[in-house]
Amino acid sequence: MNGLVRAARWIMWMMLIVGSAACTASPMPALPTATRPTTVMPTATYVTTTPSTPTATRIPTVMLPSTATPRRPIITPIPPAAPLPTPRPRQFDDVDARAFLSALFPDLKLTPSDDAFVVNGNPNWQMWVNARAEGQFTQGDAAELAAVIANESPQLSLDQAQRYAPWGSFLAIFQKRAGRVEVAQRSLLFPALSPLVFDVRIDRVTDFDRDEQDELLIVTNSTRLGIATTAAFLYQWNDQVFAEIWSAEIGEDNTGALNQPQYFVSASTIRFADLDGDGMDEIVVESARVDYAKDAQGLANTERETVRRSERRVYRWNGTAFSLIVR
């Protein structure tokens, strides 16, 4: 009996050993595909754990603190200024109006008063330099300064007028000798009128004939009976005096006058140019004129233009004077 029991236990032990070996040798059957869970890693979130070695051309994406780029200075170009009618003096920059007047009238007492000088303490007698320009006018080898002197004087005796200057404006030429200003020439070219109503200016210095001796273009403005007139004069030194070699009316405004058959305003520009290539400049005058209607009182109605026109005049030097060749 005991032998049978031991045999049965041995048989069961062997069966357990064989079953265990079979389980180890045979893999577990795979689950059906439909029921197998599938896990997909999104590409965007896939991160490799293998460190990459930077190459020589790789630029690290490192965020640095922003640094302001140095701003280049902005230079605003200044347009060239229009040329002044009166050239700026060069050799006479350090000479003021008092020095010129003192050279002309060494025995007069000059007291500054705005842009003028009161003469001998008389408030009714004033002098001033109305315009000045440097050039070579009476000599071809020395710098000179031309100045228009305005003399607003009271009634002077004939002796005083001859000794000093007549009422009005006159032209004076100055030179420098050993640093001292001296009077080289004085010309009474203009009518004896108050400089307050007859304004005389040096418009420019020119050398139209290229002889290294300058001419003076002078412009005058005056008003009489409500009519304002502008005229131009070209003066040349002829070894003795300044002679007028050309003149022309270059502007008029009669809109402030009474009983005019036609009211108008005209204005001109003057330029010097060698148009024919003969080495001498012609004078070119370009003018514009505007006519106005009359109002109910027969005066100028400057808000109503009737005609606008322009013209061009050319003057050529004939050896002794300028003559009109184109109009």
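Predicted model: local features only at pLDDT ≥ 70, side-chain atom pairs only at ≥ 80, totals over all residues.

Trainee: Okay, what helices and strands does the protein chain have?

Mentor: The chain has 3 helices and 14 strands. Both are DSSP runs numbered from the N terminus: a helix is H or I over at least four residues, a strand is E over at least two.

Trainee: Why does Gln 260 count as buried?

Mentor: Buried means under 20% relative accessible area, exposed means over 50%, and partly exposed is in between, with a 1.4 Å probe and protein chains only. Gln 260 has 17% relative accessibility, so it counts as buried. Its place is the loop between β10 (242–253) and β11 (263–273). Across the 327 residues of the protein chain, 32% count as buried.

Trainee: And why do Asn 120 and Asp 239 get other labels?

Mentor: Asn 120 has 41% relative accessibility, so it counts as partly exposed. Asp 239 has 64%, so that one counts as exposed. Asp 239 sits in the loop between β9 (227–237) and β10.

Trainee: Which residues is Gln 260 in contact with, leaving aside its neighbours within four places in sequence?

Mentor: Contact means heavy atoms within 4.5 Å. With those neighbours set aside, Gln 260 touches Ile 227, Asn 254 and Lys 294. Gln 260 and Leu 299 are 39 residues apart in sequence, yet their C-alpha atoms are 8.1 Å apart in space.

Trainee: What makes the pairing of the Gln 260 and Asn 254 side chains a polar contact?

Mentor: The rule asks for a pair of N or O atoms within 3.5 Å; within protein, one must be able to donate a hydrogen and the other to accept it, and residues adjacent in sequence count only if both atoms are side-chain atoms. The two side chains make their polar contact at 3.4 Å. The Gln 260 side chain also reaches the backbone oxygen of Leu 258, at 3.1 Å.

Trainee: What is in the largest nonpolar core?

Mentor: A nonpolar core is a set of buried Ala, Val, Leu, Ile, Met, Phe, Trp, Tyr and Cys residues joined through side-chain atoms within 4.5 Å. The largest one here has 22 residues, and those with the most contacts inside it are Phe 105, Leu 108, Ile 149 and Phe 174. Elements giving two or more residues to this core are α2 (97–104), β2 (116–119), β3 (122–135), β4 (144–152) and β5 (168–177). There is a second, separate core of 19 residues, including Leu 171, Ile 173, Trp 237 and Phe 242.

Trainee: What about β3 and β4?

Mentor: They pair over 9 bridges, again antiparallel. Gln 126 has Glu 152 in β4 as its bridge partner.

Trainee: Which are the edge strands in the open sheet of 8 strands?

Mentor: The order is β7-β8-β9-β10-β11-β12-β13-β14, with antiparallel pairing. The edge strands are β7 (198–206) and β14 (322–326), as each pairs on one side only. Inside that order, β10 and β11 are joined by 3 bridges, and Asp 253 stands opposite Val 265 in β11.

Technical notes
Residues numbered from 1 in each chain as written. Heavy atoms only, no water. Pairing = 2+ DSSP bridges.
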